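Please walk me through this structure in plain terms. I have not seen it before and would like to know what to look at.

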Amino acid sequence: MTGVRIRAAAHYLPSTVLDNHQISTWVDTTDEWIVKRTGVSERRISEGENTSDLCIQVGKQLLETSGINPEDIDMVLVATFTPDYGTPSVACLVQAELGATNAFAFDLSAACSGFVYGVSVAQKYLLTKQYKNILVIGADVLSKITDWSDRGSCILFGDGAGGVLLGADENALFAEKLYSRGDKVITGGFTKVVNPLTGMERGEYDFLKLDGREVFEFAVKEATANINEILEQTGMSIDDIDHIIPHQANGRIIEAIAKKLKTSLEKFYVNIQKYGNTSAASIPIALSEMFKNGTLKQGTGKKVILVGFGGGLTWGSVLLSI
Ligand code: COA
């Protein structure tokens with residue numbers, strides 16, 4: 001199968017750091033509990049920048065590092081479930097700001113699996129050969145839908161964005177397996193039908209809610225099986241894979257996946273301590289950091305598996321060569 005190449009990777013985080021101590025002044029929790037049960041020490045919180053603002057910063061960096069002209073971008077895809085507006089999409093706002101006048105742009109909603117779904121969608125467009133340069137950005141400003149009075153969830157999340165410029169490459173590896181299973185284990189942003197016939201009472205805003213334990217078990221079981229399916233599909237063993245880049249939901253979820261795969265935790269990129277769970281942004285932020293710190297370098301042929309899981313429920317993995 002024709003693969004995709006990452007031509008550039010970038011990320012952007014709001015500058016304000018919110019640490020566990022600060023949260024423990026708002027809800028009944030401690031830094032020790034949060035670190036031990038989640039691996040998170042601090043996260044970034046937007047003081048007003050919306051999802052499109054973060055994505056635009058990522059888009060600008062992608063243009064700069066790749067040297068590509070904005071007019072040569074064929075498609076802008078943003079994975080998010082916290083858009084600025086219902087319409088225009090975040091992707092359209094990014095397109096306008098970058099001057100990507102020849103692109104078409106749309107958002108994709110698959111919560112924390114959004115970036116993996118986005119890479120899969122981009123690969124299909126690249127296969128047609130009609131589109132050559134595709135921006136895939138994953139971004140969420142979860143702080144705007146977080147219930148800051150719920151200690152079971154507000155400790156987990158952070159805001160951020162990351163993205164890649166993708167192009168086709170016949171010599172690059174590509175394998176994927178995506179899933180969803182409609183379920184309301186994680187919900188957020190419900191919009192009530194309000195019109196003159198129903199009465200105009202809007203009610204309270206619907207914050208992010210989750211059954212943490214159930215999501216934890218789902219994530220470990222399905223992400224492990226998902227990675228094994230990719231290995232089976234490609235005839236590879238876990239030892240053939242250089243890096244696994246998992247969605248950063250909980251450090252203990254990542255440790256449990258490594259243990260079930262009987263492989264070293266070293267193979268997994270983990271940065272949850274700094275950013276918490278940034279939803280669709282977590283995997284591209286990790287990718288971008290890995291390029292910046294020299295763990296990944298274009299043209300080396302390193303094999304990486306990206307694995308996402310989250311609301312929907314959705315989950316999925318893609319295998320890429322770098
Ligand atoms: N501080 C202190 N105690 C807390 C707490 C907090 N922030 N949050 C929960 N607790 C308490 C609970 O009330 C419970 O107390 P009890 O035993 O007296 O009833 C106890 O800690 C254990 O709670 P539990 O929910 O079983 O903890 P856990 O080990 O499963 O950790 C999560 C909770 C949320 C950190 C964990 O389940 C998780 O990360 N789940 C997946 C996250 C997720 O859904 N991500 C979004 C989609 S990717």
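Alanine 111 is found in the loop between strand S5 (104-108) and helix H5 (114-127); helices (H or I, at least four residues) and strands (E, at least two) are DSSP runs, numbered from the N terminus. The phi angle of alanine 111 is near 45 degrees, a positive value in a residue other than glycine. Alanine 111 is also buried, with a relative accessible area of 11%. Here buried means under 20% relative accessible area, exposed over 50%, and partly exposed in between (1.4 Å probe, protein chains only).

This is a predicted model, in which local features need pLDDT of at least 70 and side-chain atom pairs count only at pLDDT 80 or more, while totals for chains, interfaces and linings use all residues. Residues are numbered from 1 along each chain as its sequence is written, and side-chain values use heavy atoms, with hydrogens and water left out.

Lysine 262 likewise has a positive phi, of about 55 degrees, although it is not a glycine. Lysine 262 sits in the loop between H7 and helix H8 (272-275) and is exposed, with a relative accessible area of 76%. Most residues other than glycine have a negative phi, and most peptide bonds are trans. A cis peptide bond joins threonine 87 and proline 88, with omega about 0 degrees, and proline 88 lies in the loop between strand S4 (75-79) and helix H4 (90-98). The peptide bond from glycine 312 to leucine 313 is cis too, with omega near -10 degrees; leucine 313 belongs to strand S13.

Next come the charged pairs. A search of the whole structure finds 8 salt bridges, a salt bridge being a side-chain nitrogen of Lys or Arg within 4 Å of a carboxyl oxygen of Asp or Glu. One of them joins the side chains of aspartate 169 and arginine 5, at 2.6 Å from N to O. This pair links distant parts of the chain, with aspartate 169 in strand S7 (residues 159-169) and arginine 5 in strand S1 (residues 3-12), 164 residues apart. Aspartate 169 is buried, with a relative accessible area of 18%.

Arginine 151 forms a salt bridge with aspartate 28, where the closest N and O atoms are 3.8 Å apart. These two residues also come from distant parts of the chain: arginine 151 is in the loop between strand S6 (134-141) and S7, aspartate 28 is in the loop between helix H1 (20-23) and helix H2 (31-38), and 123 residues separate them. Aspartate 28 is exposed, with a relative accessible area of 62%.

Lysine 209 and aspartate 206 form a further salt bridge, with the closest N and O atoms 2.5 Å apart. Lysine 209 is partly exposed, at 46% relative accessible area, whereas aspartate 206 is buried, at 14%.

In soluble globular proteins, nonpolar side chains tend to be buried together. Which residues have the most contacts inside the largest nonpolar core? They are Ile227, Ile244, Ile257, Ile305 and Phe309, in a core of 42 residues. A nonpolar core is a set of buried Ala, Val, Leu, Ile, Met, Phe, Trp, Tyr and Cys residues joined through side-chain atoms within 4.5 Å. Helix H6 (212-234), helix H7 (251-260), strand S12 (303-310) and strand S13 (312-321) each supply at least two residues of this core, and its largest share, 8 residues, comes from H6. Leaving aside neighbours within four places in sequence, isoleucine 257 is in contact (heavy atoms within 4.5 Å) with Ala219, Val220, Ala223, Thr224, Ile227, Phe268 and Phe309. Apart from this core lies another, of 32 residues, among them Val4, Phe115, Tyr269 and Ile283.

Helix H6 also contains glutamate 217, which is exposed, with a relative accessible area of 54%. The C-alpha atoms of glutamate 217 and isoleucine 253 are separated by 8.3 Å, the two residues being 36 residues apart along the chain.
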